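Please view the sequence and the structure below before reading on.

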Amino acid sequence: MKKQVLITGGTGYIGSHTAVEFIEAGYEVLIIDNLSNSKIDSLDGIEKITGTKPEFAQFDLTDKLKLNDFFEAHPNIEAIIHFAAYKAVGESVAKPMMYYQNNLGSLMNLLEMTKKYKTKSFVFSSSCTVYGEPEELPVKENSPVQEATSPYGNTKQIAEEIIRDFMKVEQDLKSIALRYFNPVGAHESAEIGELPLGVPNNLVPFITQTAIGIRKELSVFGFDYDTPDGTCIRDYIHVVDLAKAHVIATERLLNNKNKSNYEMFNLGTGTGNSVLEVIKSFEKMSKQKLNYKLVDRRPGDVVKVYSDTEFANNELGWKTEKNLDDMMLSAWNWENNLKNK
Ligand code: WQD
């Protein structure tokens, strides 16, 4: 009997890549997603890669009755990976209540299910955004959490605190929060990848859509920052490396290897790259010039952030394997495959 893992938001970008890794690690994957920011086609992509189409239920995690019915029908879920959340920084500024209700309501409903159905492992999708503009670099897990610069970022901080307080009273569950840096790229098969609905907020999908002709040109937000080439620095991590970390974190908890019942790990490469360095890597891997222009800064942008990977490498036993060129090539292959779909 395969162990059952529930992946919420599993038809999304990181969720679908994580579903592939769990299936390939021998788990039975169940997915709940409301398809508000992803397409059901992801299930076909997962099946093409693994030969298995995960069981899928389409509903909103804020619907407590539907969620309870789902758990009634699936009482043997051993582990939950919780991705489902709204994640657009700009949109969260315009619609804060929608973000708090959705992102925190979903989390609290799920945590109640873990209590009622004795789930053993809960892995939460958090973000380096909790560190704001770090006082010191590289960022460690105990680096100070700064005041959030958006309601989106604040929902991640509050979520971590809700889990912390829940774990103080809930002894049967074990939890890990994974703080992602900047996930980019796609599975080597190009069957799944990032699928921004509408105009992309994030850098890499905007680059690939510009290169393939969907967008006219990329605007580089700010070129006068205090960095070597004047553009912002981020820790870009390949989405497959990120996905693999979720299997490792879950098995840490299922095998009782955790040191406390609530742990946090940074998931990054430890290397910072500027926007211009990302563009250069993309041009090298795609063998084509990118049309871009240098424009004003984007309000709210952090100047430099990249991770200290020591704790995740040593304690979690996880290390990234793919570099920036791999990320750019896989993102470009995915964009080309999308065009042919
Ligand atoms: C990266 C760099 C931009 C677009 C956010 C969230 C984070 C996570 C990922 C959800 C910055 C520059 C971007 C463009 C540009 N969100 N840029 N032109 O802001 O680091 O992180 O998205 O999971 O939690 O905070 O990512 O890709 O938007 O920006 O110059 O058209 O690229 O200024 O320096 P960010 P990003």
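N256 is exposed, with a relative accessible area of 52%; exposed means over 50% relative accessible area, buried under 20% and partly exposed in between, with a 1.4 Å probe and protein chains only. N256 is placed in the loop between helix 8 (239-254) and strand 11 (262-267). Helices (H or I, at least four residues) and strands (E, at least two) are DSSP runs, numbered from the N terminus. Although N256 is not a glycine, its phi is positive, about 55°.

K118 also has a positive phi of about 55° and is not a glycine. Its place is the loop between helix 5 (96-116) and strand 5, and K118 is exposed at 51% relative accessible area.

## Basis of the model

The model is predicted: local features need pLDDT of at least 70 and side-chain atom pairs count only at pLDDT 80 or more, while totals for chains, interfaces and linings use all residues. Residues are numbered from 1 along each chain as its sequence is written, and side-chain values use heavy atoms, with hydrogens and water left out.

## Domains

The domain assignment gives domain 1 (4-184 + 237-267) and domain 2 (203-233 + 270-340); such bounds come from an automatic or database domain assignment. The centres of the two domains, taken over C-alpha atoms, are separated by 24 Å. In contact across the domains are 26 residues of domain 1 and 23 residues of domain 2, where contact means heavy atoms within 4.5 Å.

## The ligand

The ligand lies between domain 1 and domain 2, because both give residues to the shell around it. This shell holds 19 residues, and the closest are L203, S219, R234, R298 and D301; a residue is near a molecule if one of its heavy atoms lies within 4 Å of it. Strand 8 (residues 218-221) gives the most to the shell, with four residues. By class, the shell has nine nonpolar, six polar and four charged residues. Here Ala, Val, Leu, Ile, Met, Phe, Trp, Tyr, Cys and Pro count as nonpolar, Asp, Glu, Lys and Arg as charged, and the others, Gly among them, as polar.

A polar backbone atom of L203 is 2.8 Å from a ligand oxygen, and a backbone N or O atom of F221 is 2.9 Å from one. For R234, a polar side-chain atom lies 2.6 Å from an oxygen atom of the ligand. On its own the ligand has 690 Å² of accessible area, of which the protein covers 90%; accessible areas come from the Shrake-Rupley method with a 1.4 Å probe, and for residues only the protein chains shown count as cover.

## Helix 7

Helix 7 (residues 203-212) is mostly covered, with ten of its ten residues buried. These buried residues pack against strand 7 (182-184), strand 8, strand 10, helix 9 (275-286) and helix 11 (324-340). After helix 7 comes G213, whose phi is positive, near 100°.

## Buried and cis positions

H238 belongs to strand 10 (residues 236-238) and counts as buried at 2% relative accessibility. Not counting residues up to four places away in sequence, H238 touches V184, A186, K322, D326, M327 and S330. In helix 9 is E283, which is buried with a relative accessible area of 18%.

A cis peptide bond, with omega about -5°, joins L137 and P138. P138 is in the loop between strand 5 (121-127) and helix 6 (151-169).

Methods: A polar contact is a pair of N or O atoms within 3.5 Å; within protein, one must be able to donate a hydrogen and the other to accept it, and residues adjacent in sequence count only if both atoms are side-chain atoms.
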